[in-house]
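Please keep the sequence and the structure in view while reading.

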Amino acid sequence: MGVLNVTPDSFSDPGIFLRAEPAVTEAWSMLDCGAAIVDVGGESTRPGSEGVSAEEELARIEPVVAGLAGAPVSIDTSKGAVARRALELGAEMVNDVTALRGDPELAGVVADAGCYLCLMHMRGEPRTMQADPRYDDVVSEVKAFLEERLAFAVSAGVKEEHVCLDPGIGFGKTVAHNFELVRRLDELVAIGRPLLIGFSRKSSLGKIMGDPNAKTGTAAASVGAAVAAYDRGATLLRVHDVREHVEALTAAKAVAG
Ligand code: HH2
């Protein structure tokens, strides 16, 4: 899954794809490099971010999703109105970092469209989530949350076979929590749904290189984390540097046989 942030303030590529034309070109290039789907987002969820209105988010994503007609597109949003418009324009998946807790309309929009859905774990909200996150056991708490949100989605009319789950790397978690979630990924695989991991360029990857104030990680560190996640059962990897990940994962897959 290639990441396309149509935002002025994303943590790793702020403002680069705010105009529709370079954004659409970048998306096609990610697909050419082997991405199976492009995740288009019009709202940054980086630690400390404030959120945007539905009008602003729509204005950002609409021309990009329209320009990608015929391409596999996921819409990274928590808002029913934004998801509805993106699905009308041909998106086939909704990626909701709030796991259907942000907007009560979203579950119905997804159920009516019959599209794919990603449910992600987040502790708190982006503005405050990195202020001292604590868990007794991060993996079992994330697992219980994802099971509960999966049951909620199904009760709202979403087909279980359309749902993938994501432990939410960096969303209300310390560096140690993030790596433990990937290390013990088999416990989340046991839920029985495909797992999505988004470790790409996240600050934990910069911090383990020795910079305690890192805001991002490198492409090479991202690839290392993605291959480790793949080895432990992840099915979808949400990444910025598509070519590097496709090559590394192709090699890892050949080794796995
Ligand atoms: N991470 C980000 C955004 N959306 N969705 C899922 N399912 N999983 C993730 O790990 C995830 C996500 C944050 O990364 P990015 O989109 O690059 O940054 P920003 O939120 O600042 O736009």
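Ala219 touches Asp241 and His245, where a contact means heavy atoms within 4.5 Å and residues up to four places away in sequence are not counted. The model is a predicted one, in which local features need pLDDT of at least 70 and side-chain atom pairs count only at pLDDT 80 or more, while totals for chains, interfaces and linings use all residues. Residues are numbered from 1 along each chain as its sequence is written, and side-chain values use heavy atoms, with hydrogens and water left out.

Ala219 belongs to helix α9; helices (H or I, at least four residues) and strands (E, at least two) are DSSP runs, numbered from the N terminus. With a relative accessible area of 26%, Ala219 is partly exposed. On this scale buried means under 20% relative accessible area, exposed means over 50%, and partly exposed lies in between, with a 1.4 Å probe and protein chains only. The C-alpha atoms of Ala219 and Arg201 are separated by 6.3 Å, although the two are 18 residues apart along the chain.

Helix α9 as a whole has 13 residues and reaches 18 Å from its first C-alpha to its last, close to the 18 Å expected at 1.5 Å a residue. The expected span is 1.5 Å times one less than the number of residues in the helix. The buried residues of α9 are Ala221, Ser222, Val223, Ala225, Ala226 and Ala229. These buried residues pack against α6, α7, β7 (196-197), α8 (203-207), β8 (236-237) and α10. After α9 comes Gly233, with a positive phi near 115°.

How is the packing of two helices described? Two packed helices are described by the angle between their axes and the distance between the axes. For helix α9 (residues 219-231) and helix α10 (residues 242-256), the angle is about 30° and the axes are 10 Å apart. Here the axes are lines fitted to C-alpha atoms, for helices over the stretch in contact, and angles run from 0 to 180 degrees between N-to-C directions. The crossing of α9 past α10 is right-handed; a crossing has this hand if the near helix is turned clockwise from the far one by less than a right angle, and is left-handed if anticlockwise. On the α9 side, the residues that meet α10 are Ala219, Ser222, Val223, Ala226, Val227 and Tyr230. Their counterparts in α10 are Glu244, His245, Ala248, Leu249, Ala252, Lys253 and Ala256. By class, this contact of α9 with α10 holds nine nonpolar, two polar and two charged residues. Ala, Val, Leu, Ile, Met, Phe, Trp, Tyr, Cys and Pro count as nonpolar, Asp, Glu, Lys and Arg as charged, and the others, Gly among them, as polar.

The next topic is charge pairing. Side chains of opposite charge can pair when their charged atoms come close. A salt bridge is defined as a side-chain nitrogen of Lys or Arg within 4 Å of a carboxyl oxygen of Asp or Glu, and by this rule the count comes to 17 salt bridges. One of them joins Asp137 to Arg184, with the closest N and O atoms 3.0 Å apart. This pair links distant parts of the chain, 47 residues apart: Asp137 lies in the loop between β5 (116-120) and α5 (138-155), and Arg184 in the loop between α6 (175-183) and α7 (185-189). Asp137 is partly exposed, at 24% relative accessible area. Arg184 also forms a salt bridge with Glu187, where the closest N and O atoms are 2.7 Å apart. Glu187 is partly exposed, at 29%. Through shared partners, salt bridges join Asp137, Glu180, Arg184 and Glu187 into one network.

Another salt bridge connects Arg149 and Glu148, at 3.1 Å from N to O. Arg149 counts as buried at 8% relative accessibility, whereas Glu148, at 41%, counts as partly exposed. Glu148 is found in helix α5.

Most residues other than glycine have a negative phi, and most peptide bonds are trans. Ala99 has a positive phi, near 55°. Ala99 lies in the loop between β4 (93-96) and α4 (106-113) and is buried, with a relative accessible area of 0%. Arg201, in the loop between β7 and α8, likewise has a positive phi, near 60°.
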